[in-house]
Amino acid sequence: MEENLVEEGTEFEKDDAAIQVGEATNAYLDGLGTTVEQTVAVMAEAGASELLADSTDTDDVDTALGNTAGAGGGTLGAEDFVEGLENALADLVTDDTDDENDDNVIVVYTNGDSRPSDATERANVQAAADNLKNAGVEIKIVAFGNLSPAQQQFHTDISDEVIQVQSGTDQGAVDTSIADAIDEIENNFEVIEGGEQEFFRGTLEDFCNQYEFDPENGSLGFPLDGDVPAPEGGGSADARNCYSASTPHYIGFDWWLPLDHANEIQTDSVQFDLGFYTEQCRHNNGSGQGGGVGDPEIPSRTGTGFGKLSESENQNNGYGDDGEDFDTPNAITSRARNGNGGWEVGIGSGDTPSEDTTDASWSFPLSNVPWSLSYDSSDGTTEFNVGATTVSRTTAASAFDGRLLVQTKADEATVNAENVSLSVDGNSQTINGPTSVQATNDDDGGGRAFNYLVLDTALDGSESFELSGELSVSRQGDFPGGDEGWAVDVSAE
């Protein structure tokens, strides 16, 4: 890099400028202390294959950069470029056994004209750079001298960032360019220290094809990982990390046109939306939640036992093999059952729907009787309807914490809740999974059957909803007639 940066006046060569930038960067990194979670390698013209494991060693960096003095005005050759990038991959990734330095950076100091003229050689450099970036190493290029459009494009293609020290008409202009470059490097290292992570690099078309947003077909875009292990936030053990509520989080989306597009894109246009979908951490695994306007779809599943209990409670008491471990008390519990010497419909909170109950007159067998549980977020009005029978209460929005449950119970009977559907704020939701649940028992007095359907919604009381379906009940000749000899509960967590 023995080439003058000053167009008029005192000679100031590129390798001298490189040493200034290198020393300032090293001093800055050294000042950050042990909190810096990255290893930085330096590659310079004559020392292209000599990667430094720790760029905070100023003497080593000065030696590497100083080796370029007297080397003439030559460029960084393609073979040296490739060798240096491959060595960086080995030093920083392949042979690195220190898991603490997961954020790796290589700073490449080059002549501005370090673009191979041969297309094959450029492709070789690009491939080596891609291998390094795909392994999680960030490439920063500090280019000395003014770049042509082709040189600028080459440096941009192979790196994550190009920082330029430009030639100037006098020493003052060059000094300003050096100071600006140092500031830019330090500012970007601050981002790395704070934990910035690049999760995609490619064209806009590649991103849209690879991370398509098509909720109807289960494609939900790019899945983001948070900073808290899912179990700590109440999520599933196999789920992606959740985001802590107390820590600010930032997402950057950087998109630009290549510099050499010329007039090819004249009259062309592109348009896209950038959006985010979130769900509560508790009870979720990050695969896509439901229960809100615009939510892609709602997972559902059936199980044996009481849905509100845990799996171990159901198994220990002989109720069944499954369980959802609902928060208690429930926001809403509504019930239609055999009870009180006849048939009864009730609604309330907690485990007992006793705030409003009424007797009902039904003829058996019941067949496809419509039922619904509705909540109005504007005033908290909550209604449970079974056929022509209605009970109601007022529910506070703060009482809600997530899921919906349909619980069936049968003793010498069959209870079937089917064609279950959900609308939220008037918008029909797609349920991904079963939409019916049946409990049936014929054991001549040995006990009851318990089966449930749970919908993994994220209801928080801010949106109105209606859960509806049809109820069918048939009783056997030896139906005992006791309270809850047959019953269906519809609950909101």
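**Reading the model**

Author: Leaving aside neighbours within four places in sequence, Leu405 is in contact with Gly307, Lys308, Phe326, Tyr452, Leu453, Val454, Asp489, Val490 and Ser491; contact means heavy atoms within 4.5 Å. This is a predicted model, in which local features need pLDDT of at least 70, side-chain atom pairs count only at pLDDT 80 or more, and totals for chains, interfaces and linings use all residues. Residues are numbered from 1 along each chain as its sequence is written, and side-chain values use heavy atoms, with hydrogens and water left out.

Reader: Why is Leu405 called buried?

Author: Buried means under 20% relative accessible area, exposed over 50%, and partly exposed in between (1.4 Å probe, protein chains only). Leu405 has 4% relative accessibility, and therefore counts as buried. Leu405 belongs to strand E14 (residues 402-410); helices (H or I, at least four residues) and strands (E, at least two) are DSSP runs, numbered from the N terminus. The C-alpha atom of Leu405 is 7.0 Å from that of Gly307, although 98 residues separate the two along the chain.

Reader: How do you know whether Asp325 and Asn368 are buried, exposed or partly exposed?

Author: Asp325 has 44% relative accessibility and so counts as partly exposed. Asn368, with a relative accessible area of 36%, is therefore partly exposed as well. Asp325 is in the loop between helix H8 (311-317) and strand E8 (332-339), whereas Asn368 is in strand E11 (residues 366-375).

Reader: What makes the phi of Asp325 worth noting?

Author: Most residues other than glycine have a negative phi. Asp325 is not a glycine, yet has a positive phi of about 55°. Asn368 likewise has a positive phi, near 55°.

Reader: What makes a group of residues a nonpolar core?

Author: The term denotes a set of buried Ala, Val, Leu, Ile, Met, Phe, Trp, Tyr and Cys residues joined through side-chain atoms within 4.5 Å. The largest nonpolar core has 42 residues, and Trp371, Phe384, Val386, Phe465, Leu467, Leu471 and Trp486 have the most contacts inside it. Strand E15 (residues 413-424) gives the most to this core, with six residues. Apart from this core lies another, of 20 residues, including Val82, Val125, Ile139 and Ala143.

Reader: How are helix H4 and helix H5 described as packing?

Author: Two packed helices are described by the angle between their axes and the distance between the axes. Axes are lines fitted to C-alpha atoms, for helices over the stretch in contact, and angles run from 0 to 180 degrees between N-to-C directions. For helix H4 (residues 119-134) and helix H5 (residues 149-158), the angle is about 30° and the axes are 9 Å apart. The contact involves Arg122, Val125, Gln126, Ala129 and Lys133 of H4, with Phe154, Asp157 and Ile158 of H5.

Reader: How do you know where the prediction has low confidence?

Author: The guide is pLDDT, the predictor's confidence in each residue, from 0 to 100. The protein chain averages 77, and 75% of the residues score at least 70. Where pLDDT is low, the predicted coordinates should not be read in detail.
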